[in-house]
Amino acid sequence: MGKIIAIANQKGGVGKTTTAINLSAALAEEGKKILVVDIDPQGNCTSGFGVDKNRQENTVYELLLDDCSINECMIRDVLKGIGDEKTSGIDLIPSNVNLAASEIELIGIPRKEFILRDALDYIKDDYDYVIMDCPPSLNVLTVNAMTAADSVIVPIQCEYYALEGLSQLIHTINLVKERLNRRLDIEGIVFTMYDARTNLSAQVVENVKQHVEQHIYETVIPRNIRLAEAPSYGEPITVYDKKSSGAAAYRELAKEVIAKDSGRGVN
Ligand SMILES: Nc1ncnc2c1ncn2[C@@H]1O[C@H](COP(=O)(O)OP(=O)(O)OP(=O)(O)O)[C@@H](O)[C@H]1O
Ligand SMILES: [Mg+2]
């Protein structure tokens, strides 16, 4: 059975997209079949996989507005021809700026929070993991993702304001759980852009650990310039620089995600 994971945090620039792309690629390396859903109008996840977001006839926008089927908006084997056979097995539902209008266009549509869930129901069992890259807000798009999801991974940037907004995010997740999706859980918190040279990063990790009860991944994603460069080449880090510290970290994270699923992980 496919597991659906939303990567969410309403704070901008905390590493959601970087995590969505590279966790997916690392899971694919482990032989998992992956569907990535870009549900952010910025389309960063789409372009990070080397797809020209402005030349897509069908995207998640058309899917939400019932203008196409889930198969019609899916790009199969998005990394075909890039890297080696280990990067195969990733399908992508792309997004672009058109999606920004959906908030208004969906007003009055019955069951608008359930559109993505209903669409994914058809195909989720074709995959081991469905990974959704959410926008930096708690809008109808994020709610659609959370309603479709089994769980949420929350990236937290190792910076001073890390905790700000976290309680609001947890509150939203709990509301969605109560009202729209009983099975929703927080999969875990992952620290991103950790800088081992500063005390601040270590302090932020300690501080968050003291304040949250949720599962925290042991893997910490380091600040690594190669992770920031990779999207401009349309490649995940496991292809762009497979020996980098960023690639190693996302491989570790993928192993933790899999281990937690098979009941061997902590918590
Ligand atoms: N571990 C890292 N090391 C270095 N740079 C990183 C790392 N993670 C992310 N970045 C860079 O930080 C910026 C923000 O990351 P990213 O786009 O993944 O965040 P986001 O949460 O998806 O942002 P948004 O809220 O706008 O969608 C990007 O330029 C990205 O390349
Ligand atoms: Mg993003």
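This is a predicted model: local features need pLDDT of at least 70, side-chain atom pairs count only at pLDDT 80 or more; totals for chains, interfaces and linings use all residues.
Ligand 1 sits in the largest pocket. The elements that contribute two or more residues to the shell around the ligand are helix H1 (16–29) and helix H9 (225–229). Of these, H1 gives the most, with three residues. In total, 18 residues surround ligand 1, and the closest are Lys16, Thr17, Thr18, Pro222 and Asn224. By residue class, the shell is made up of seven nonpolar, seven polar and four charged residues.

Polar atoms of the protein approach ligand 1 from both side chains and backbone. A polar atom in the side chain of Thr17 lies 2.8 Å from an oxygen atom of the ligand. In the case of Asp40, an N or O atom of the side chain is 3.5 Å from an oxygen atom of ligand 1. Pro222 takes part through its backbone, a polar atom of which is 2.8 Å from a nitrogen atom of the ligand. On its own, ligand 1 has 620 Å² of accessible area, and the protein covers 80% of this.

The salt bridges of the model, counted with a cut-off of 4 Å between a side-chain nitrogen of Lys or Arg and a carboxyl oxygen of Asp or Glu, number 14. One of them pairs Glu159 with Lys11, with the closest N and O atoms 3.6 Å apart. Glu159 is located in the loop between strand E5 (151–157) and helix H7 (166–179), whereas Lys11 is located in the loop between strand E1 (3–7) and H1; the pair therefore ties together parts that are 148 residues apart in sequence.

Conventions
Residues are numbered from 1 along each chain as its sequence is written. Chains are lettered from A and ligands numbered from 1 in the order in which they are written. Side-chain values use heavy atoms; hydrogens and water are left out. A residue is near a molecule or strand if one of its heavy atoms lies within 4 Å of it. A polar contact is a pair of N or O atoms within 3.5 Å; within protein, one must be able to donate a hydrogen and the other to accept it, and residues adjacent in sequence count only if both atoms are side-chain atoms. Accessible areas come from the Shrake-Rupley method with a 1.4 Å probe; for residues, only the protein chains shown count as cover. On a 1 Å grid over the protein atoms alone, a cavity is a set of points where a 1.4 Å probe fits but cannot get out, and a pocket is an open set with protein on both sides within 12 Å along at least five of seven lines; lining residues have an atom within 4 Å of a point. A molecule sits in a cavity or pocket if more than half of its atoms lie within 2 Å of its grid points. Helices (H or I, at least four residues) and strands (E, at least two) are DSSP runs, numbered from the N terminus. Ala, Val, Leu, Ile, Met, Phe, Trp, Tyr, Cys and Pro count as nonpolar, Asp, Glu, Lys and Arg as charged, and the others, Gly among them, as polar.
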